[in-house]
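Here is a quick walk through one model, written for someone who likes cut-offs spelled out. Have a look at it first, then read on.

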Amino acid sequence: MSHPRITLDQWNALVAVVEAGGYAQASSRLHRTQSTVTYTIKKLEDLLGVNVFELQGRKAVLTPIGEVLYRRGRALVDEAARLERAADLDAVTQRQRL
């Protein structure tokens, strides 16, 4: 079984940059420095060999491949959250049985 090269943290950073409207806003949302968020996205791009964002003036805009990665990354982050909620519910149910 092969393991993913991109971590859930990296996908989450991508989603945050898009949805927050930029690196600075995403850093605030993620409680990380802007340089950490920038590095995380750069690492994702390097691992995949693509540019997710392109700069237009001072604004980072998704490239066409970035748009695809964002949509699929959003689905992955959402599924991870659903999985955690299901695990939490199962844990509560088990404690109630005891």
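Leaving aside neighbours within four places in sequence, which residues is T63 in contact with?

## T63 and the ground rules

T63 is in contact with N51, V52, F53 and E54, where contact means heavy atoms within 4.5 Å. T63 lies in the loop between β2 and α4; helices (H or I, at least four residues) and strands (E, at least two) are DSSP runs, numbered from the N terminus. With a relative accessible area of 8%, T63 is buried (buried is under 20% relative accessible area, exposed over 50%, partly exposed in between, with a 1.4 Å probe and protein chains only).

Keep in mind that this is a predicted model: local features need pLDDT of at least 70 and side-chain atom pairs count only at pLDDT 80 or more, while totals for chains, interfaces and linings use all residues. Residues are numbered from 1 along each chain as its sequence is written, and side-chain values use heavy atoms, with hydrogens and water left out.

## The nonpolar core

The largest nonpolar core has 20 residues, and W11, L14, V17, I41, V52 and F53 touch the most other members. Such a core is a set of buried Ala, Val, Leu, Ile, Met, Phe, Trp, Tyr and Cys residues joined through side-chain atoms within 4.5 Å. At least two residues come from each of α1 (8-20), α2 (23-30), α3 (34-48) and α4 (64-97), and α1 gives the largest share, seven residues.

Take F53: not counting residues up to four places away in sequence, F53 touches L14, V17, V18, Y23, I41, E45, A60, V61, L62 and T63.

## The hairpin

Strands β1 (residues 53-56) and β2 (residues 59-62) run antiparallel and are joined by four bridges; two strands pair if DSSP finds at least two bridges between them. L55 sits opposite A60 in β2. Two residues separate the strands of this hairpin, and G57 in the turn has a positive phi of about 70 degrees.

## α2 against α3

The axes of α2 and α3 come within 8 Å and cross at roughly 105 degrees (axes are lines fitted to C-alpha atoms, for helices over the stretch in contact, with angles from 0 to 180 degrees between N-to-C directions). The two helices are therefore roughly perpendicular, since that label covers 65 to 115 degrees. Y23, A24, A26, S27 and L30 of α2 meet Q34, V37, T38 and I41 of α3.

In the loop between α2 and α3 you'll find H31. H31 has a positive phi of about 60 degrees although it is not a glycine, and H31 is exposed, at 73% relative accessible area.

Definitions and conventions:
Parallel < 35°, antiparallel > 145°, perpendicular 65-115°, else oblique.
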